[in-house]
Amino acid sequence: MHFIPVYLIFIPVLTALFLYVVKSRHMNWLALVAQALMTVLLVLYYRAFSGNYEDTMIVLGGWNEWIGISLVNDEISVSFMFLSVFSWWMVLIYTFEKGNTNHNFLFFLMFLQGVFLGLLQTNDLFNMFVFMELITILVTILIAFKKTGDAYRAGLFYLLISKVAMMMFLLSIILVYNSFGTINILLVRDAIAATDSLTVVRFSYALFMVAVMVKSAFVPLYAWLPRAHGVAQSGISALLSGLVVKGGLYLFIRLNQMYEFANLNYTDFFYWIGALTAVVGVMFALSQKDMKQILAYHTISQIGIVMMGLSKLHDPDMFIGGFLHIFNHALFKSLLFLGAGVIISAYRTKKVTDIRGVMRTMPFVSIFMIVGMLSITGAPFFNGFISKAIIKYGVIDSGVRYWILFIVNIGTATSFIKMSQIFFGPKTMTIRIRKPLKNLTLMSLAFACVMLGNFYIPISEGFFGFQVRTIDIGTWANFFDYFLALSIGYVFYRFVIAPDPKAVRYIREHKMTFQQANYLFVVMIIVLLTVFVWW
Amino acid sequence: MDPMLTFLVILIGMYGLSTSKNIIKSVFSVTIIESGVILLFLNLGNWRGGSIPIINGAADIIADPLPQALMITTIVIGSTVTALALMLCIKVFHHYGTVEWREILRRGEGK
């Protein structure tokens with residue numbers, strides 16, 4: 001029972017290796033068996049340790065904990081693990097019929113799962129670095145798997161920029177090791193509480209945060225995300241946008257827990273970074289016409305909203321909102337990407353303006369897509385509403401912060417009103433392929449969205465250990481806010497976005513070059529050092 | 001070697017990344033940054049000139065073995081990333097006929 005974390009890392013990795021070596025068309029079901037086994041193990045682990053995660057640390061190889069590799073779990077990591085196993089189930093089922101002879105694809109997919117679960121459980125900074133690097137490599141390969149020029153250049157862009165970010169992460173690990181003589185996160189946390197000289201600590205914090213900002217695509221370091229998530233296969237896009245980009249946010253939570261006693265005043269800074277990310281992401285999303293690009297830019301903006309919540313790590317309300325939004329976003333963004341994949345493969349085009357009449361052509365898919373759209377815009381009784389309302393509850397006293405959230409909501413509503421135009425129109429002739437498995441995944445994701453939207457109190461109390469009963473979410477003000485945002489969004493769409501003015505076209509054609517991205521990276525390092533070390 | 005000199009190596013790599021217009025040169029710059037970081041860690045582990053970390057009772061000062069263990073892992077990962085990046089360079093060259101960032105990012109879908 002105690003060693004389940006190790007099995008959870010090695011079962012997918014070994015399955016991946018086995019599938020790669022055997023290369024048999026008839027063995028692909030083994031991936032599903034491994035997935036089922038992992039689900040069972042995870043549930044057993046949850047039942048054994050739920051509510052009491054004091055005793056979960058494992059030090060591998062019999063070393064002492066100062067230098068050994070250790071794994072540790074708490075509510076946050078276990079709930080993230082449930083989310084990732086669920087996401088991989090969805091992607092495995094969605095891609096299953098397609099990848100019949102494609103062993104490499106399953107190899108990389110299963111391997112990525114093992115690595116991601118390792119990242120969630122590790123208690124060792126260097127191990128964290130290794131897992132992040134492995135995720136970078138595997139994700140690059142999965143992006144490039146489409147074998148088009150677009151996919152290759154997006155993969156290259158992502159690979160190089162992440163590698164530089166991870167080098168900053170490594171530099172920071174060096175500083176931590178040199179100051180405290182250990183890289184065990186819990187021990188470093190205690191050592192930081194005991195130390196007096198905080199300059200090196202602050203220096204390392206700034207470099208860690210630069211790496212986190214690149215990996216989770218905050219403005220201005222977001223340039224890789226729309227390229228990468230927009231060109232990959234739909235199943236992979238769903239996985240990357242829904243889950244893997246949350247690896248960066250997970251690092252943010254873990255590292256801020258580590259620096260808890262360093263007296264760093266980061267709340268306002270990251271709140272405004274999150275607000276900037278949300279606004280810029282939504283602005284770019286409004287200008288796009290490519291369906292997957294719209295969804296990719298919305299990932300940036302939703303991460304901004306998550307960040308606005310997570311920035312108050314020690315204020316329970318805001319943190320719960322941000323944390324729940326990670327889960328909600330994973331569910332509805334996977335749903336939207338997978339649904340978009342089905343629509344795109346039927347219509348053979350990605351242009352929102354060219355696709356019409358989905359409602360009559362594919363009624364089931366449209367219903368699930370509408371559930372996803374209602375969730376992302378924050379409609380009452382869907383999951384996006386809950387987390388946005390909790391974040392809103394945290395900032396209700398300060399005017400400007402509240403209005404930024406409202407503006408982002410208007411932008412999201414406008415953008416999805418634009419996208420919902422695909423449903424209207426007459427029935428069109430498309431290539432009819434029966435896809436029961438794809439509909440099954442869409443249905444389970446839509447079901448999860450609705451469940452989390454209505455039964456959030458028992459789920460978040462039993463599962464994450466949060467008390468959300470005290471926060472009044474279903475107020476008339478919140479309902480009114482949503483419908484106000486929707487109506488302003490419709491007017492905005494009708495008179496500003498739909499005529500496609502010059503400014504919108506200009507934003508659409510703006511693409512950041514690699515040099516600019518790196519230049520901004522250097523600028524961001526300087527900004528963070530200024531904020532956290534010299535200020 | 002002064003550990004501070006390795007920061008210079010890292011800065012050279014940063015400069016290369018923000019200015020070079022060629023993909024191959026960008027890959028070189030990333031490798032240079034990585035070398036700087038690795039040199040820094042090895043230096044901090046052994047800047048007093050200790051002997052190899054194999055305890056046989058002879059040496060007074062021995063180097064810290066942990067940085068060396070960590071850095072060999074980093075070198076392995078770094079070589080993997082470089083190999084993958086160069087492979088992608090070849091693929092990009094096949095699709096676009098050039099390895100200039102500006103040309104590649106400006107164009108739409110490749111051949």
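Modeller: With that, A:Pro220 sits in the loop between helix H8 (199–215) and helix H9 (224–231) of chain A. Residues are numbered from 1 along each chain as its sequence is written, while chains are lettered from A and ligands numbered from 1 in the order in which they are written. This is a predicted model, where local features need pLDDT of at least 70, side-chain atom pairs count only at pLDDT 80 or more, and totals for chains, interfaces and linings use all residues.

Biologist: What makes the peptide bond from A:Val219 to A:Pro220 stand out?

Modeller: That bond is cis, with omega near 5 degrees. Most residues other than glycine have a negative phi, and most peptide bonds are trans. A:Ala217 is in that H8–H9 loop of chain A too, and has a positive phi of about 60 degrees although it is not a glycine.

Biologist: Why is A:Ala217 called buried?

Modeller: The rule counts other C-beta atoms, placed from the backbone, within 10 Å of a residue's own: 20 or more is buried, 12 or fewer is exposed, and in between is partly exposed. A:Ala217 has 24, so it's buried.

Biologist: And what makes A:Phe381 count as partly exposed?

Modeller: A:Phe381 has 13 C-beta neighbours inside 10 Å, so it falls in the middle class. A:Phe381 lies in the loop between H16 and helix H17 (383–394) of chain A, with a positive phi of about 70 degrees.

Biologist: How do you know that H5(A) is mostly covered?

Modeller: 19 of its 20 residues are buried. As for length, the expected span is 1.5 Å times one less than the number of residues. H5(A) reaches 29 Å from its first C-alpha to its last, close to the 28 Å expected.

Biologist: What makes residues of chain A and chain B count as being in contact?

Modeller: Two residues are in contact if their C-beta atoms, placed from the backbone, lie within 7 Å. The contact takes 30 residues from chain A and 34 residues from chain B. H6(A) gives the most to chain A's side, with 15 residues.

Biologist: How does chain A's side divide by class?

Modeller: There are 17 nonpolar, 8 polar and 5 charged residues on that side. Here Ala, Val, Leu, Ile, Met, Phe, Trp, Tyr, Cys and Pro count as nonpolar, Asp, Glu, Lys and Arg as charged, and the others, Gly among them, as polar.

Notes. Helices (H or I, at least four residues) and strands (E, at least two) are DSSP runs, numbered from the N terminus.
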